Amino acid sequence: MDLKQLTDYMIPLAEGKRLSADEKRILAADLPVLMLQIQAGDVPAKITTPTGETLRSATRMTAVTSYSLLLARKAFGPSYIRKDPVFEETAKDLLFYIMRDFMNSGRVKGEYCCPTCTLSVLPLYLTKCFKWVVCEDLAQQVMSALEDQRDMFVRPYSRKYADWALSFR
């Protein structure tokens, strides 16, 4: 599995399509390997989102990490973190280490460093990927900020990418 294949899964998942038993079997073997590659920073300098935008620098890392967790959650259900240790490690890393400043500040809980990163993690809240927080609350706060065009969303962002993220409601 490569990053293009990972991103290619994001459109059918957003459309509510389910993964086949064969796909789940392949993902059980290949997705942890890809996630270790992502953790090691072995990612191209730019990636393309499911809606066609190009992401660079740290934003691309947040996106591919989010996509991999979302795919694991969709493939293996609410207890996906038990399927492979890399799933739980990655989920904790994204939630606790990268987001800790935003979770402990006066900012909107669940927001990230920029609109694109916030939209990349929104599907994780909407699909309850994190067992350590109340994902529904984080999703609601981010969606309210998005709807009201406040906080993080006073800055420019892709409406197409927002619509993709919101499709996981």
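**Helices that cross**

A: Helix 2 passes helix 4 in a left-handed crossing, where left-handed means that the near helix is turned anticlockwise from the far one by less than a right angle, and right-handed would mean clockwise. Helices here (H or I, at least four residues) and strands (E, at least two) are DSSP runs, numbered from the N terminus. This is a predicted model, in which local features need pLDDT of at least 70 and side-chain atom pairs count only at pLDDT 80 or more, while totals for chains, interfaces and linings use all residues. Residues are numbered from 1 along each chain as its sequence is written, and side-chain values use heavy atoms, with hydrogens and water left out.

Q: At what angle do the axes of helix 2 and helix 4 cross, and within what distance do they come?

A: Two packed helices are described by the angle between their axes and the distance between the axes. The axes of helix 2 (residues 21-39) and helix 4 (residues 85-98) cross at roughly 35 degrees and come within 9 Å; axes are lines fitted to C-alpha atoms, for helices over the stretch in contact, and angles run from 0 to 180 degrees between N-to-C directions.

Q: Which residues of helix 2 and helix 4 meet?

A: Contact means heavy atoms within 4.5 Å. From helix 2 come L31, P32, M35, L36 and Q39, and they meet V86, F87, E89 and T90 of helix 4.

Q: Which residues touch the most other members of the largest nonpolar core?

A: A nonpolar core is a set of buried Ala, Val, Leu, Ile, Met, Phe, Trp, Tyr and Cys residues joined through side-chain atoms within 4.5 Å, and buried means under 20% relative accessible area, exposed over 50%, partly exposed in between (1.4 Å probe, protein chains only). The largest such core has 58 residues, and L122 and Y125 touch the most other members. Helix 3 gives the most to this core, with nine residues. Leaving aside neighbours within four places in sequence, Y125 is in contact with M99, G110, F130, C135, L138, A139 and V142.

Q: How many helices and strands does the protein chain have, and what share of its residues is buried?

A: The chain has eight helices and two strands, in the order α-α-β-β-α-α-α-α-α-α along the sequence. Of its 169 residues, 49% count as buried.

Q: Where does G41 lie?

A: G41 is in the loop between helix 2 and strand 1 (46-48), and it counts as partly exposed because its relative accessibility is 36%.
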